[in-house]
Amino acid sequence: RAQSVPSLRYAIHLSAPGMDVIGAGEPALPGVSIGHNGKIAFGFTVFSMDQEDLYVYETKPDDPSEYRSEGRWEPMQVERQLIPVKDGDPVEADLKFTRHGPVIYDDTQKNVALAVRAAWLEPGTAPYLGSVAYMRAEDWDGFLAAMNRWGAPGENQVYADTDGNIGWKPAGLVPRRPNWDGLLPVPGDGRYEWDGFLDADELPVEFNPPRGWIASANEMNLPEGYPHEEKKVGFEWYAPYRYERIAEVLRENPSFGLEDSVKLQTDYLSVPARRIVARLRRLRPANPRMEQVLEMLTGWDCVLSADSAPAALFEVWYGLHLRQALLKKAMEGIVEPGRLDEAVSRVTPDEDQAGDARMILETLEKLDTRPGHEEVDEVLSSTLKEAAERLEGLLGVDRADWEWGKLHEVHLVHPLSPLADRLTRGRLDVGPVPRGGSGDTVGNTAYHLENLRQTGGSSWRVVVDVGEWNDSLFINSPGQSGDPASPHYSDLFGPWARDEAVPLLYSRRNVEAVVERRIVLEPTV
């Protein structure tokens with residue numbers, strides 16, 4: 001999620017008759033969605049189900065507020081609103097809706113309108129509302145039953161209980177599309193209509209798998225043989241490398257403890273780096289200078305730690321040089337020479353982290369299958385040389401001064417900061433501090449490509465010791481208070497940035513022993 005101040009989530013403990021749940025939710029959204037209730041523990045990652053469709057309508061030439069559907073003209077619903085404008089008159093706006101949802105675009109010259117139908121606009125699908133049901137569940141059956149009441153967003157729900165059971169279940173409303181796959185816009189004339197939603201029982205499930213663990217990192221995790229093409233659950237998934245690293249660590253260490261879990265949550269080994277560096281070992285340096293650069297990477301453990309010089313070199317090379325050059329090479333002969341740069345820019349983001357690592361790795365490996373390897377060697381060598389020169393300009397010619405964290409920082413800018421004076425901004429904003437990792441590491445620190453500053457990742461981390469609840473650990477960036485004058489506004493930011501964790505105490509006795517302040521709210525008569 002986007003890194004922000006005030007905090008995206010807050011640690012909260014709700015204790016009342018019939019309820020004793022601790023963990024995190026999001027302000028203004030009901031429920032505790034990540035945590036435990038003293039009987040079961042629960043959490044989630046994104047499950048990329050396709051919950052939206054774009055409908056294209058023919059509108060009536062002499063009345064664009066009507067659209068053709070099922071062979072007749074149907075009026076749009078119009079809601080008129082006044083939008084206040086600072087130092088100006090209010091602006092009147094018409095919000096239009098079709099049978100499918102809100103109109104997001106219309107062109108009265110071409111008699112066309114577009115509207116979005118989304119599962120998360122259905123009644124009862126307020127984000128995370130489903131956690132109100134499962135945060136009170138006492139066992140796997142109760143947890144599964146709650147999944148039928150989870151509407152949005154699509155999530156991989158993971159589960160553990162005091163009897164030693166673990167489970168995984170995707171949750172969310174998946175539209176039934178009987179005659180299309182949902183990947184492209186469709187006419188809104190009645191030929192492409194949802195036929196309800198998949199029942200939760202139709203989504204995959206895993207309970208106590210033989211391997212002894214369950215992991216999820218936003219990757220495509222539909223089981224082999226699952227008929228997702230027919231059911232059209234989703235098609236756009238995150239790269240699998242973070243999951244692969246988690247699986248690798250868990251397989252290597254069958255006895256996994258709390259500190260191991262904290263360490264894994266902030267693991268900075270890059271699987272894409274490991275694969276690309278392996279290819280570098282086939283290069284023959286053209287001169288002593290390139291030999292030193294190659295040795296820096298080929299002798300590296302591929303861990304993107306904040307103080308690592310090879311990490312700085314690799315990420316600058318990978319994000320700012322290699323991907324564009326590889327894609328340009330792959331497009332030669334397909335795209336006109338004069339339009340190569342434009343074509344590359346269309347398939348690579350200008351601002352986000354270096355794009356989907358699958359595209360880079362697959363392009364490199366496909367180019368490597370062509371006869372001879374000289375062209376690929378040249379792309380790798382020339383771009384690596386450019387990256388080394390760029391890094392010298394950024395961090396100096398002395399490679400002892402190169403550190404990834406000097407380039408890759410996190411700086412939390414308050415939404416009101418641009419309106420404040422310099423002194424106030426200093427109180428509102430938090431950071432910057434150096435960070436390790438990237439968007440391809442388990443410790444996700446996805447960054448803005450232009451300035452390498454961290455923009456995404458986890459602000460909340462929790463490790464639950466199921467059964468020994470008081471031993472659980474968490475961290476929440478930057479702190480528990482949204483008030484810049486509070487000592488708890490940013491007191492967790494340092495430990496969070498250093499990949500540490502603090503106790504998540506649960507029992508009344510343990511909590512009372514460390515109370516700093518008590519607030520009692522009493523009704524007035």
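The model is a predicted one, in which local features need pLDDT of at least 70 and side-chain atom pairs count only at pLDDT 80 or more, whereas totals for chains, interfaces and linings use all residues. Residues are numbered from 1 along each chain as its sequence is written, and side-chain values use heavy atoms, with hydrogens and water left out.

Within this pairing, V462 stands opposite F474 in β19. The open sheet has three strands in the order β18-β19-β20, with antiparallel pairing; β18 (460–463) and β20 stand at its edges with a single partner strand each, so one side of each is left without a neighbour in the sheet.

Elsewhere, helix α7 (residues 288–298) packs on helix α11 (residues 374–395) at an angle of about 90°, with the axes 11 Å apart, the axes being lines fitted to C-alpha atoms over the stretch in contact and angles running from 0 to 180 degrees between N-to-C directions. The two helices α7 and α11 are therefore roughly perpendicular, a term that covers 65 to 115 degrees. In contact (heavy atoms within 4.5 Å) are R289, M290, V293, L294 and L297 of α7 with S381, L384, K385, A388, E389 and E392 of α11.

Methods. Helices (H or I, at least four residues) and strands (E, at least two) are DSSP runs, numbered from the N terminus. Angles under 35 degrees count as roughly parallel, over 145 as roughly antiparallel, 65 to 115 as roughly perpendicular and the rest as oblique. Two strands pair if DSSP finds at least two bridges between them.
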